[in-house]
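Hi,

Here is the model I promised to pass on. Have a look at it first, and then read my notes below.

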Amino acid sequence: MTKSNLSKNLGHNRYDETKLTRLIIGHTRVAHSFLLKNERVPQCIGCVTTYTVQHFVLECVDFAQTRSKYFQVNNLKELFTKVPLHNILEYIKDIGLINKI
């Protein structure tokens, strides 16, 4: 998905475009801030695994019920090609991570 496609699908909201772009490329504050802060790699406490975009968007059991309200896909490619972008953003807001993206 190109930047122009994001703009078209979201109505030119730069905030939402930035959040989605970070999710698409996998570079988010929640998953990468440890690099800048010289901290340990973040771990999902419930799943005991590395906290990545793929994990909190598709795999985390703590978010499974919430995730099912917005989409049901098997991988990130399906997520960003088949799911309305609005649903992805609403899911991220609902799980409380929008400000950590």
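A term to start with: I call a residue buried when its relative accessible area is under 20%, exposed when it is over 50%, and partly exposed in between (1.4 Å probe, protein chains only). Keep in mind that this is a predicted model, where local features need pLDDT of at least 70 and side-chain atom pairs count only at pLDDT 80 or more, while totals for chains, interfaces and linings use all residues. Residues are numbered from 1 along each chain as its sequence is written, and side-chain values use heavy atoms, with hydrogens and water left out.

Now to helix α7, residues 85-94 (helices are DSSP runs of H or I with at least four residues, strands are E runs with at least two, and both are numbered from the N terminus). Its buried residues are Leu-85, Ile-88, Leu-89, Tyr-91 and Ile-92. Looking down the helix axis, these fall within an arc of 160°, so they line one face of α7; the arc is taken over the directions from the axis to the C-beta atoms. Just after α7, Gly-96 has a positive phi of about 80°.

Next, the core. By nonpolar core I mean a set of buried Ala, Val, Leu, Ile, Met, Phe, Trp, Tyr and Cys residues joined through side-chain atoms within 4.5 Å. The largest one has 26 residues, and Leu-23, Phe-56, Val-57 and Ile-92 touch the most other members. Two or more residues each come from α2 (14-25), α3 (29-37), α4 (53-59), α6 (76-82) and α7, with α7 giving the largest share, 5 residues. If you skip neighbours within four places in sequence, Val-57 is in contact (heavy atoms within 4.5 Å) with Leu-23, Arg-67, Phe-71, Leu-76, Leu-79, Tyr-91 and Ile-92.

Finally, the charged pairs. I count a salt bridge when a side-chain nitrogen of Lys or Arg is within 4 Å of a carboxyl oxygen of Asp or Glu, and a search of the whole structure turns up 2.

- Lys-69 pairs with Asp-94, with the closest N and O atoms 3.2 Å apart. Lys-69 sits in α5 (residues 64-70) and Asp-94 in α7, so the bridge ties together parts 25 residues apart in sequence. Lys-69 is exposed at 58%, whereas Asp-94 is partly exposed at 38%.
- Glu-90 meets Lys-93 at 3.5 Å, N to O. Both are in α7, 3 residues apart, or about one turn of the helix. Glu-90 is partly exposed at 25%, and so is Lys-93 at 37%.

Cheers
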